[in-house]
Amino acid sequence: MSAKPGISVLMGVHNSIHHLAEAIDSILGQQYDDFEFIIIDDGSTDGSADVIDKYGKVDNRIRIFHQENKGLAVTLNRGLEAAAGKYIARMDGDDISMPQRLKTQLDFMEAHPDVGICGTACRLFGYTNSISWTPITSEEIKSKLIFWPSIVHPSVMMRRDLIEREGLYYDPDFKQAEDYELWSRFSRCCEMANIPEILLHYRTYPTQATFAFQGDVERWSGFVHKRLLRDMGIDPTDDEMELHLALHRSCFKTSRSYLEQIEQWLCKLVGANRHSSLRESNTFELMIFERWCAACALEWKLGLWAWRKLKKSSLYSAAYATSTLKLAWQLARIPLARALQSSALGRCIKRVVRSL
C-alpha cells in the first residue's frame, strides 16, 4: 500500500460475525490493490472484533478502530475523517464485492471528474432475491431522488476532497435514512452516477433495518422528501405529503377523486421544477409521467375511465404519445412485476434467471 492510497475502503461493523469474513475477503481479493481498508468495530458483542483483529495481523492494508456502540452515521464519519485515499468506497460487513469492483469504479471516476459519487447495480440475495438496476445518469438520479435514494449505499465510491470541501458527512440525526439524506446534499454539489454493472452482492435478511424498522425508515425518509420539495419551492401540506409517499410506495386508493389528486400533485411538481430549473426538464417530466402511468395502471379497477384520464392529462408526454409500445410497457410493467412476485410461475422464472 502506498503512503497515499488511491482508495480508502470504509466498513462499519456491528455484530456481523456470520458473514464478516466473507465480506472482508471480497475486499482483500480485489484486482486493484492500492487501497487502505478502514474497519471500525462499533461495539460488537458477538465476536466480530476478534475476527477483525485476526485479519489486521495478516494484512497491513487494514486499519482497525474499536469503539463503543455509537450508530452507523457516527461510525462512518469517523472513517471519513481518518481516510487518506483520493476516493472513499463504502462496504458493509455482510455484503460481497465483486473482484473488479474497485478498479471499475476507480477507472470511471478518473474518466468523469465532474462526478462526485458513483454507485453500481447490485444483486440482492438472501431474504429477497432480485437485481437492483439503479438509474444511470446524473439527470435520472437527481430526478428520481425526490421519491427514492436511487443509489445503493454500500456500493458507492465518493471523492474525498469533495467531502472535505463541502462538509458532506453523515447526519446522525437522520437515523435509518442517513444515506438518503447525504445523497440529497451531494445532489446540490456535483454530478452523480451509477455504473450499470453488478459489482456488489447485497445481502438481505428479515432483521435488517430496512425491514425491521420500516416505519422509522419511512419517517426519516419523509424528512428528506420534504427538504427536496422545499428546494423546489414547495412547502407540502400533510395531504400532499400523503400523496407523495403513495407515489413513493406505488400504493394508491381506488377512487376517481384520489387519482385526480395524484394528477394535480404531479402537475404541481412539474410546474415547480420548471420554475426552479433544479433538474433537467425532459428527464424529470419523463420520470413524473412514469409515476402517472404507474398510478393509472395500478388503478385498473377504474377501467376505461383511468385510461382516458391518463391520455387526457397534461402529463401525457409527447415522447410516449408517439410510441404506443412504450406507453403499453409503462402501463403493464408494475402490475406484471407484482404478479411475477406473487405467482408460482413468476417464482419459477426468477429461479431460472438466477441460475443463468
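In the predicted model, Thr237 lies in the loop that connects helix H9 (214-231) with helix H10 (238-249); helices (H or I, at least four residues) and strands (E, at least two) are DSSP runs, numbered from the N terminus. The relative accessible area of Thr237 is 42%, so the residue is classed as partly exposed (buried, under 20%; exposed, over 50%; partly exposed, in between; 1.4 Å probe, protein chains only). A C-alpha separation of 9.9 Å was computed between Thr237 and Lys226, which are eleven residues apart along the chain.

Residues are numbered from 1 along each chain as its sequence is written. Local features need pLDDT of at least 70 and side-chain atom pairs count only at pLDDT 80 or more, whereas totals for chains, interfaces and linings use all residues; side-chain values use heavy atoms, with hydrogens and water left out.

The chain contains 16 helices and nine strands. Of its 356 residues, 50% are buried. Among contacts (heavy atoms within 4.5 Å) between residues at least 6 apart in sequence, 77% link residues at least 24 apart.

Residues up to four places away in sequence aside, the residues touched by Met158 include Leu80, Met109, Ile163, Trp183 and Phe186, together with Lys86 and Arg90.
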